[in-house]
Amino acid sequence: MKYLSVIVFLLLPCVLFGQEKGDTQILKWPNGKKAAVSLTYDDGTLNQFHVALPIMESLGMKGTFYINTGEIPSSKYRAKFLGRQPEEILKESQSVPTDENNLFERASLIRFLDMPDAVSFHDRTGAAFEQGRKATAFQLIDEGLSQAVNMGAKNLTIPKIIDGPMIDWEEIRDYAARGHEFGVHTISHPRLAVLDEANLLFELEKCRDEIEMQLGREFLFSAECPFGTEDERVMEYALEMFPATRNRMPEEFLEEINRSGKFDLSKDYNKEYVQWQRGPLSGTSPELMRSWVDDILTRDDTWLVLVFHGIEGIGWEAIPEAVIKSYFEYIAEKEDIWVGTFAEVTKYMRQRMHTKVDYSLEEKKLKISLNSALDKFWYDQELTLMTLIPSDWNKVVLKYGSTEEVLSIHKNANGKYVTYGIPAEISKFSLDNR
């Protein structure tokens, strides 16, 4: 994404807060928190909603759910293969080996063939391709199509991807109304990197269209392309369609450490923020999971993005309910952590980094304005500000529109200051000395 606004790099008030009265900054995290955590889920399996979500809500937490829409019972759009007739492609494969010229078409087809291991051939091909093992990818497709020819498997069937039953849109709408985020995870969880353009776009666009139709455009802020892909071609399409993806966050102010990466806690990454992704699996120890939370509290710049799949026996690498409950309670105990959805955290960071703060100080009034070119439809997070006030001010009233709020006055090495929240739709306000 391209931003046209002036970028302001703001620092922690306790360290480099300017001496000029009226100096105002947007705090790094809401309400002066020290770190952020997002609880994200892939695929939309049953117990994410019937087990994990109630635990989150009991602790005042909201989650982000990246859903495969094709297996939701009342969805309009189902997975399908777009392209030439399967018989034509299968016949051609008997005399023309798979190579870079035909890989994407064949990898798009193979997962729909009505034969054992069809999805496995597709998934293994995609993994090999993304790892740079193209010869292996070609070989896997040749092997799979040869098997299909020998079995006479020319009919197509919709691949079954999700384990167990799925909740339906009426239930999803209820969760969305309660503040949980839903996002695109494709129709049927393919390896997008080895799909041709028509099938790749169908998987992303129809999942997008389904979510917009069922929930509204506001739920199209973020997406996650399956298998955590960072394939350049896929990312080009996805980042054009959605304001954010969990796969990649191409922000100049953000250091991105994905699930396969290593985070050096002592390192200065020379970025304002660090996004650290971790993917707890069924065998991940509770001690290791808690250590991630402890680690982010040793810094003030880190956003821990947790990626869950199966919960309590349903879904890939399912984590037991008792482990999830204990872990979420551990996070909730940390008063310096802000738990926000993926969209909420992304929006807050971008709003902070792309907002220009201006102020003018009169005898008993401080006028402050916030200016940003970000799209107001998407960027709706309340910002937390801190302002250094004159030493002789003893009562401060925040005023905007019909709102008047008396603020608590605090003091640090730089003098007196106040902190307060400003809704996204407010661009001009004042602090009055009464």
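The model is predicted, so to speak: local features need pLDDT of at least 70, side-chain atom pairs count only at pLDDT 80 or more, and totals for chains, interfaces and linings use all residues.
- Four strands make an open sheet in the order 1-13-17-16, with antiparallel pairing; strands are DSSP runs (E, at least two residues) numbered from the N terminus, and two of them pair if DSSP finds at least two bridges between them.
- Strand 1 (24-26) and strand 16 (410-412) are at the edges with a single partner strand each, so one side of each has no neighbour in the sheet.
- From one strand to the next, the twist averages 35 degrees; angles run from 0 to 180 degrees between N-to-C directions of axes, which are lines fitted to C-alpha atoms, for helices over the stretch in contact (heavy atoms within 4.5 Å).
- Three bridges join strand 1 to strand 13 (residues 383-388), and Ile26 stands opposite Leu385 in strand 13.

**The helix**
- Helix 12 (residues 342-353) lies across strand 1 and strand 13, at about 35 degrees to strand 13; helices are DSSP runs of H or I, at least four residues.

**The pocket**
- The largest pocket holds about 550 Å³ of space; a pocket is an open set of points on a 1 Å grid where a 1.4 Å probe fits, with protein on both sides within 12 Å along at least five of seven lines, and its volume is the space filled by probe spheres set on the points.
- Its lining has 24 residues (an atom within 4 Å of a point), and the closest to the centre are His189, Phe227, Arg259, His309 and Trp316.

Terms used. Residues are numbered from 1 along each chain as its sequence is written. Side-chain values use heavy atoms; hydrogens and water are left out.
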